[in-house]
Amino acid sequence: MKTFLISGLIDDYRIKTSIFAISPNHAIKVFQQKYPNAIDIYVIQNLFNK
């Protein structure tokens with residue numbers, strides 16, 4: 001498992017948080033569960049690291 005920095009837009013505020021997940025897609029899903037009304041969610045780092 002790795003730590004991913006995820007960014008999302010919530011009520012006109014950009015939230016950046018580190019999430020411990022298996023893959024970038026899993027990290028985005030965890031972020032969506034934590035912040036259900038978030039939009040424009042993406043991974044900032046660790047996308048191509050092994």
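In the predicted model, the buried residues of helix 1 are P24, A27, I28 and F31. These four residues lie on the same side of helix 1, because they span an arc of only 100° around its axis. The face of helix 1 turned away from the buried side carries the exposed residues N25, K29 and Q33. Strand 1, strand 2 and strand 3 are among the elements that cover the buried residues of helix 1.

The largest nonpolar core is made up of 11 residues, namely F4, I6, I10, I19, A21, A27, I28, F31, A38, I41 and V43. Two or more of these residues are given by each of strand 1 (2-10), strand 2 (13-21), helix 1 (24-34) and strand 3 (39-43). In soluble globular proteins, nonpolar side chains tend to be buried together. Within this core, I41 may be taken as an example. When residues up to four places away in sequence are not counted, I41 touches I6, S7, G8, I28, F31 and Q32. Of these contacts of I41, I6, I28 and F31 also belong to the core.

The C-alpha atom of D12 is separated by 20 Å from that of V30, a residue 18 residues apart from D12 along the chain.

How values were computed
Residues numbered from 1 in each chain as written. Predicted model: local features only at pLDDT ≥ 70, side-chain atom pairs only at ≥ 80, totals over all residues. Heavy atoms only, no water. Core = buried A, V, L, I, M, F, W, Y, C linked by side-chain atoms within 4.5 Å. Buried < 20%, exposed > 50% of the residue type's maximum accessible area, 1.4 Å probe, protein only. Contact = heavy atoms within 4.5 Å. Arc of directions from axis to C-beta.
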